Structure formats: C-alpha cells, structure tokens
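Here is a colleague's note to read beside the model. Take the points in order and find each residue as you go.

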Amino acid sequence: MSTVTPAVSDIIEQARLAAQAFVEFGSHLFNPTVRLGVTGLSRAGKTVFITALVHGLVRGGRFPVFEPLASGRISGARLAPQPDDAVPRFDYERHVRSIVTDRDWPDSTRQISELRVVIDYQSIAGAMRTLSLDIVDYPGEWLLDLPLLHKSYEQWSAETLAYLDRTTRPPLPKPFLEQLASIDALAPADENAAIEAARLFTAYLQAARIEHRTLSVVAPGRFLMPGDLAGSPALTFAPLKLPAEGGPPAGSMCAMMQRRYDAYRDVVVRPFFRDHFARLDRQIVLVDALSALDGGAEAVRDLQDALTAVLECFRVGRASWLDALFRPAADRILFAATKADLLHHTAHDRLEAFLKRLTEVAVARAGEAGAAIDVIALAAVRATREAVMRGEGGELPSIVGTAMAGEWSDGRHFDGNTEIALFPGDLPAEGLKGGDFRSIRFRPPPLEETDDGTPALPHIRLDRALQFLIGDRLR
Ligand SMILES: Nc1nc2c(ncn2[C@@H]2O[C@H](COP(=O)(O)OP(=O)(O)OP(=O)(O)O)[C@@H](O)[C@H]2O)c(=O)[nH]1
Ligand SMILES: [Mg+2]
C-alpha cells in the first residue's frame, strides 16, 4: 500500500527550500521584499481584496490607520514586473475596470497569477527606501488540495466515500455511487470505467458547489478548476471501495487509480504549494463567514470543516514533515471576515467573535508558534452605507446599497440601478449555529473623494489590515 514516506522526498524538499531561501536572502539585502499570502476558499474575496489593496496603494486611498501612507512617508507605489516568469500576471487593470468603471465584481478566478507592487518610502530615520510586495492570486478551490499532501489514496478514498455515504445535502451523489458499485477494484484496470467514474465524481462536485456555494473537504480542487490540466490522466481518478488488507494487485483498477492520485498529489499539488505557500512572509486568511451564516447550520459546519482541514496543514512550529514545506513560516497572520459592509458596524464585533470561534484551533496554534495574530472584520470594497430603519420593533440598524441585477430568492426582481435599504438580520452571539442572517449581493460603489480630492474606493478596515501586514516593514 502506498503511504506518504517523509524521508527522501522531504529531504530533497528541505534542501530545495534552503537553497531558495539562501538565494532570496542575498537578493533581499538589496531589494527588500515581502511575500504576502492571500489565502481563502472560493468566493472568500481574494481577488477583490488584492485589487482594492493595490488600488489604494497605487492611487492613494483613504487609509488613516496605515501609518506610512497617512503620515506622507510613502512617496509612491507602482506595479513592476513580477519575479516568477512562468506565472501569468494578475490582471489588475481588468479587475479595476470591472469594479470602478462597470461597477461589477470580477469573475471567479480560473488560473494562478502574480503581481509585484514596488513602494517608494522614506524611513522613519529619513532615508529613501523601496519595498517590493509580491502577491499571488489563485482559484480558491485549489486550496482544498492542501490536506491531500499528507494523505494516501487509501485514506482519501475511505474519507471521501464515508462523506458521500452519509451526506444528506442535495445534490446526492447517487449516479456516482451506483457506477462505483459496478466497479471491482481488484479487476484489471479499465480506462473507460475510470473515465466514467471521474466524470460522475466531478459532476457531483460541480453540482454540490453550485448548490452550496461553500464546499466541504471532499474535493480535489483541480476537478472543479482544471486550468490547463483538463482531461489528463492525473485528473482521471475517483475514490474506490478498497479491500481492507493487502496491496493493490499490479495492473488492477485500484493500482491505476492510486498511481493517478499519487501523480496528482506529487506533480500538481505539491509544486503549487511549494512554489507559492512555502515562502510566505505574511499571511492573510480571508473567510466569507456571512455566506455560510446565510446557508444555515450545515453550511457553517461545512465551512468550519474545510477551514480546519486547510489550516491544519499550516502547522507552523510543529515537528511535522509539513514544516519543511512551510518553512520559513509567516511571522504575522491576519484572520479576516470579509464583506463586513453587509452588516451595520454595530454588528462587526459579533462577526469578529464568530470568526474567532470558527478558526479557534488554527489561531491558537499559530500563536503558540510565535506568529503575531489578529482577527478583524473588513470590507475590501465597501458597497453599502448605513441607515436606521424604523419598523414595528423599533429602530433597526440597516444598510443601503445598489442591489445587483437579477431575480432574488424572495421573488423580487432588480434592474441593477435600484437602491434598497435592509436589515440583514442578527448574527449568533455564541456558538457556531447559523443565524437568521441574509447575505445580499450589492453592486460595487462609486468612487469617493479623499480629503485631498483623490478618487478612492471606500472600504472598511483595509488600512488596519495593511498596517498589521506590512506597516512594520515600512519603518
Ligand atoms: N459587499 C462586498 N462584497 C464583496 C467584497 N469582496 C468580495 N465580495 C463579493 O464576493 C464575491 C467573490 O469575491 P472574489 O474576490 O471574486 O472571491 P475570490 O476569493 O477571488 O473567489 P475565487 O476566485 O472563486 O477563488 C464577489 O463577486 C462579490 O460579490 C466586499 O468587500 N464587499
Ligand atoms: Mg478570485
């Protein structure tokens, strides 16, 4: 049976990282760089966060809490060619056009991309300096692959099938499970049956994503966002019911599936995390807690499971072979609940407290390992204003914004130009139950003028996030 043997591959991995760190150390002396990791499941708000952050730096946003900018020590920020030649560039201009000009949100991300921002600033002592900020964007689905790094095919198959057998959330994986029942894992490998199994398994994952919006721990992420790997053998596998004992006979169905799973893990997943997660200086973990609250108790549990499984892998400071993969670990980690503009500010405390409960274990572990931790509620782009509605129950702290065009679940239709005011509901004061909260999609807002007349995107606490993440590197 295949197990994940730490020995040889880890030693190679460590040596590679050490060499990389050495080369980078040399170049950082002349060109100080911060690699900022933006982590988040799909739809968490990564692309919007990166776009708003860069827009604020380059165009001068209203950032009173971001000291280097507020005090005037930053003389300018500009986009520069990124360090990795093989990775596409983050299409900043297109995303800005979408948010600012079209007042529409960017599309869901399908490929990895990277951006470098160079910040010119005056140090506190008065010297002129530059800092490069490197940021990577990627499809959130791929993050769900992180737990696969320490799982064998047998483990993954068993866990996935256990989930599929017990889940009661529609869509049910019936077509896949029926086909699975017709496959004998020990019989000779049958390519057509493998293709059909992978197709039905992928169809289930896709349907589950559309239905739930959030995703649980079952997915190999590239099945949903294959990038340029669509149709390759490394993506043509599925879980199988395996015999309790004994290795897979050579040439059998399960031997073939296992080989493909291993290829997916070692050739697709491992390099992605090695190249983009292993060398982070700072890390922000974005969590769309509000959509989960809207989805009810099971959606919240789903989000918690997925986050726990993913954050478990950032075992900062623990003696595990994954340490090698994630060293040097980020020394500052910010956990952020996104889209806080969907709440009145009086509810932001509750949102932060909810996020703390969701990520408790990961937060404690990162703190133990010596990383500086903070938890905040933010909106990278603030799409609403606040208002007080007077109803039967007295005054309700509400929000006002332009509703996105389309049909709502309550049957109302909006043309995309109508302002509505609503009370989004209450967040739970304790526990991880769903609240009676409604998450609404508003259009991005028009630009606002800052005090010196610069047009800027409104936000909530984006400046506080920046101060925590890179403020100390601009002193
Ligand atoms: N109101 C509001 N909505 C936001 C904000 N940020 C993101 N959203 C909403 O969340 C959706 C997803 O945001 P993205 O930035 O595309 O999310 P992502 O993490 O890049 O998602 P993937 O690319 O699918 O992994 C957007 O289409 C918006 O509807 C925000 O600050 N305020
Ligand atoms: Mg994205």
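1. Start with Thr109. This residue is buried, at a relative accessible area of 15%. Buried means under 20% relative accessible area, exposed means over 50%, and partly exposed lies in between (1.4 Å probe, protein chains only).

2. A word on the ground rules. This is a predicted model, in which local features need pLDDT of at least 70 and side-chain atom pairs count only at pLDDT 80 or more, while totals for chains, interfaces and linings use all residues. Residues are numbered from 1 along each chain as its sequence is written, chains are lettered from A and ligands numbered from 1 in the order in which they are written, and side-chain values use heavy atoms, with hydrogens and water left out.

3. What coordinates the magnesium ion (ligand 2)? Thr47 (OG1) and Thr109 (OG1) do, at 2.0 to 2.1 Å. Donors are N, O and S atoms within 2.8 Å of the metal (3.2 Å for Na, K and Ca); water is not among the atoms, so sites may look incomplete.

4. The two threonines come from distant parts of the chain, 62 residues apart. Thr47 sits in helix H2 (residues 46–59). Thr109 sits in the loop between helix H4 (92–101) and strand S3 (113–122). Helices (H or I, at least four residues) and strands (E, at least two) are DSSP runs, numbered from the N terminus. Thr47 also counts as buried, at 9% relative accessibility.

5. Now look at how H2 meets H4. Their axes are 10 Å apart and the packing angle is about 95°. H2 is therefore roughly perpendicular to H4. Axes are lines fitted to C-alpha atoms, for helices over the stretch in contact, and angles run from 0 to 180 degrees between N-to-C directions. Angles under 35 degrees count as roughly parallel, over 145 as roughly antiparallel, 65 to 115 as roughly perpendicular and the rest as oblique.

6. Which residues of H2 make this contact? They are Thr47, Thr51, Val54 and His55. H4 brings Tyr92, His95, Val96, Ile99 and Val100. Contact means heavy atoms within 4.5 Å. The contact residues divide into 5 nonpolar, 4 polar and no charged. Here Ala, Val, Leu, Ile, Met, Phe, Trp, Tyr, Cys and Pro count as nonpolar, Asp, Glu, Lys and Arg as charged, and the others, Gly among them, as polar.

7. Next, the largest nonpolar core. It has 135 residues, and Phe49 and Ile284 touch the most other members. Helix H8 (residues 253–276) gives the most to this core, with 10 residues. A nonpolar core is a set of buried Ala, Val, Leu, Ile, Met, Phe, Trp, Tyr and Cys residues joined through side-chain atoms within 4.5 Å. Leaving aside residues up to four places away in sequence, Phe49 touches Val38, Ile284, Leu286, Leu378, Ala380 and Leu462.

8. Gln82 lies in the loop between strand S2 (74–80) and H4. Gln82 is buried, with a relative accessible area of 15%. Not counting residues up to four places away in sequence, its contacts are Val87, Pro88, Arg89, Glu114 and Arg116.

9. Check two backbone angles. Arg43 has a positive phi of about 70° although it is not a glycine. Arg43 lies in the loop between strand S1 (33–40) and H2, and is partly exposed at 44%. Arg461, also not a glycine, has a positive phi of about 60°.

10. Finally, the whole protein chain. It has 14 helices and 16 strands. Buried residues make up 53% of its 475 residues.
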